[in-house]
Amino acid sequence: MNAPYDTTPKPAFLRALQQQKWTVHGALSELIDNSYGPGRGDASTVLIIHDTTNRVLEVVDDGRGMQAVGMLFQLGDTIGRSVGDIGHYGSGGTMAILWFPSVVDVWTLRDGLVSHHQRAWAQQFGATSFFPVPNEWEPSTPSNTPDELREFSHGTMIRLHLLTGRSVHSGHVTRELSQIYGPGLRRGKRLLWQTITNGRSSDIAALSDPFQSPESAKDHITFEASIRVGVQSLPVRGCVALIDGRTYKQSQIAVGYGYRIIERTNDCYQSPDGSEKYHGIGVGGWVDLGEGWQSHLSTTKDVIINSDARDALMGLIFSKIKPLLEQTESAEIRILFEDIALNFRAGLGALRMDSSL
């Protein structure tokens, strides 16, 4: 009898993961998720340092540190679900440290002890089996722990030596990260960015929630409710307002879970059956999904994969913000009539001028 075929993946498959199509802010967000996650790093601050000259990115957090550095190098090594934590599958951070760099260094610091591992991916790709990651700890000193991590006194630091072809455009990346982590920044999380060029460091910039606080607007609606999906009761809370100066493209609702945005949408500006539709120009705000929604989110954390849950959510939001949508419709009709009247007066004036000639 032949032995069963061993389907354990070989290291060569990692090369395919490294070549996947991804974005810098998407990959960075996986590392930030690991830092912020209540069941993971539970950090309050994440500092990203971009050394443009040496093509290095560093992600440093003030979290609790990892139990073993090797956890970050193993696909699927997950703690499972924890309250308020968007991570679940245990792959995002590993894929990020594979996608970004040719060489990655990871330090983790807890209880005064530090553990470190470096991995050059080209060596791993050509191996016949996966290299083990040592789980060795030693007292933290200036010689074995980077200064930025020592300043936090606990947490994790990831240093990514960027692959050829990985370009980091700081302005674009920081704008995207500000939007993604708007909910966390709104609740006190800190996300910092620093650029180093030719050995000279810029000031540390603190990213902020780009969405104007709806509570400050005169016309706003806050709500707390829940929807039923099967046997689950899924909580939702939100704050939506009429905000001056918003264009049609900007007039969206930011739907978030935990500390990050899932999607920005205006699908909730119409009734579930499509009989009532509004443009919603000037409407904006946020909706936060409560505990229980985690299992309905995609691995990419930017889609609600349960269509029934999403449809019910859009219907709930519509029912809550309909008074605001009706106000925008009234304003649009008023502006339309004002334009018609203005054009009529202009045409009448031109006609009178023609008559007098």
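Arg310 counts as buried, at 17% relative accessibility; buried means under 20% relative accessible area, exposed over 50%, and partly exposed in between (1.4 Å probe, protein chains only). Before going further, please keep in mind that this is a predicted model, in which local features need pLDDT of at least 70, side-chain atom pairs count only at pLDDT 80 or more, and totals for chains, interfaces and linings use all residues. Residues are numbered from 1 along each chain as its sequence is written, and side-chain values use heavy atoms, with hydrogens and water left out.

The side chain of Arg310 meets that of Asp267 in a salt bridge (2.8 Å, N to O). The term stands for a side-chain nitrogen of Lys or Arg within 4 Å of a carboxyl oxygen of Asp or Glu. Arg310 belongs to helix α8 (residues 307-356) and Asp267 to the loop between β13 and β14, so this pair ties together parts that are 43 residues apart in sequence. Helices (H or I, at least four residues) and strands (E, at least two) are DSSP runs, numbered from the N terminus. Asp267 is partly exposed, with a relative accessible area of 37%.

By this rule the model has 10 salt bridges. Another of them joins Asp288 to Arg237, with the closest N and O atoms 3.6 Å apart. This pair links distant parts of the chain, as Asp288 sits in strand β14 (residues 283-289) and Arg237 in strand β11, 51 residues apart. Asp288 is buried at 5% relative accessible area, whereas Arg237 is partly exposed at 36%. Through shared partners, salt bridges join Arg186, Arg187, Asp209, Arg237 and Asp288 into one network.

What is the strand order of the open sheet? Its five strands run β10-β11-β14-β12-β13, with mixed pairing. Two strands pair if DSSP finds at least two bridges between them. β10 (220-229) and β13 (260-265) stand at the edges with a single partner strand each, so one side of each is left without a neighbour in the sheet. β10 pairs with β11 (residues 232-242) in the antiparallel sense over 10 bridges; within this pairing, Ile221 has Val240 of β11 as its bridge partner.

Finally, a word on confidence. The mean pLDDT (the predictor's confidence in each residue, from 0 to 100) is 86 for the protein, and 86% of its residues reach 70 or more.
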